[in-house]
Amino acid sequence: MKKQNLSNIPADAAARREVPAVICYPTTDLPHPDMVNLARARANLTKISETIIPPRDACCFDVQKGHFFRINSIDGPQVGDLNIWSKTNLTEHFYAGKTRAIHGTHLSTGDRIWSSFPAMRPLATISYDTLDWYGWDDDGGSVHDVIGTRCDPYTAKLLNGVDYHHCCHSNLIRALSAHCQLDFAKAEPLVHDVLNIFMCTGFTKDTHQYFMKASPVRPGDFIEFFAETDLICGLSACPGGDCSSEHSSDSAVCFPLLVEIFNSDNAALDNFPYLPKSQYRHLRPEGSKLNKNKATPRISNEHSKLTPMALIDRNYKYDFND
Ligand SMILES: [Zn+2]
């Protein structure tokens, strides 16, 4: 929040502040999804299944590569917390922080759901969003954020001293545990920062704190995703309801969410540009793959005189065979 100014203001403070801002991750050269053919494909969808997410609870569901899944508002304004895992490796999951760094704080049609390191590939693309009209409001708020992590019982305990068991974090643990037959201790570390479906959020203009306001979602609205690999998704109907007042309690009015999964046999998808897992390969200590018991070389006095790049040249080699 930086409310205090304990340090001395330098004489050139204004000049330092006036340097131009630069986009950290320009998207000009980012591989883009084929939105033209996605639009053609989604014009001819066949529903395969549907799942109701009860209020203050979560469910997991599988989505096959090449299928679409849609999260619908049905009975009333309701926020959902979404987790996405690769079905074949649960440690590869949605990376909210990197997705935010690439696409911005709030997502909509055409943005991709990037996965964690080392895979870092699109797990899904947002193919349609009925709330894309919202844009940015006068408070700087928008919909579908990737900044809010998820409501959780630890922060609730810290701030309110209560033990609340239906936070999205806890709901997602129970849902993943049941879906994948994992005990809670194994499921909890796999639950990750979410995409806040339908939630309207931003940062206050004075203190830059995370705020929420009543979601503009209404029954009939939906956000839709195109799965770019086989997925397990977890969705929690947040105990905050429309998140207009508070979460992490039973005080808000809550509604269910509807998940629908669709297939499209449209040939437009035949050449969709699926991205492979990242082709980056680490620098590894020489021989590390063959000599796992070999102790990590210590940096000797001789090495300590070398520059970091010289150390890399001397002790490491590129490994392209992983
Ligand atoms: Zn929540």
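The predictor's confidence in each residue is expressed as pLDDT, on a scale from 0 to 100. The model is a predicted one; the mean pLDDT of the protein is 90, and 89% of its residues reach 70 or more.

**Confidence**
- Residues 306-322 have a pLDDT below 50. Beyond near neighbours in sequence, this stretch makes 19 contacts in the model.
- Where pLDDT is low, the predicted coordinates should not be read in detail.

**Helix α3**
- Helix α3 spans residues 96-103, and within it Ala 96, Thr 99 and His 103 are buried.
- The buried residues of α3 line one face of the helix, because they fall within an arc of 65° when seen down its axis.
- An α-helix has 3.6 residues a turn, so residues three or four places apart point the same way.
- The cover over the buried residues of α3 includes β6 (112-114) and β9 (195-203).
- After α3 comes Gly 104, which has a positive phi, near 110°.

**Strands β4 and β5**
- Strands β4 (residues 80-86) and β5 (residues 89-93) run antiparallel and are joined by two bridges.
- A hairpin of two residues connects β4 to β5.
- Ser 86 has Asn 89 in β5 as its bridge partner.

**Nonpolar core**
- The largest nonpolar core has 61 residues, of which Ile 84, Leu 231 and Leu 235 touch the most other members.
- Beyond four places in sequence, the contacts of Ile 84 include His 93, Phe 94, Ile 113 and Leu 231.

Conventions
Residues numbered from 1 in each chain as written. Predicted model: local features only at pLDDT ≥ 70, side-chain atom pairs only at ≥ 80, totals over all residues. Buried ≥ 20, exposed ≤ 12 C-beta atoms within 10 Å, placed from the backbone. Helix = DSSP H or I, 4+ residues; strand = E, 2+ residues; numbered from the N terminus. Arc of directions from axis to C-beta. Contact = placed C-beta atoms within 7 Å. Pairing = 2+ DSSP bridges. Core = buried A, V, L, I, M, F, W, Y, C linked by C-beta atoms within 7 Å.
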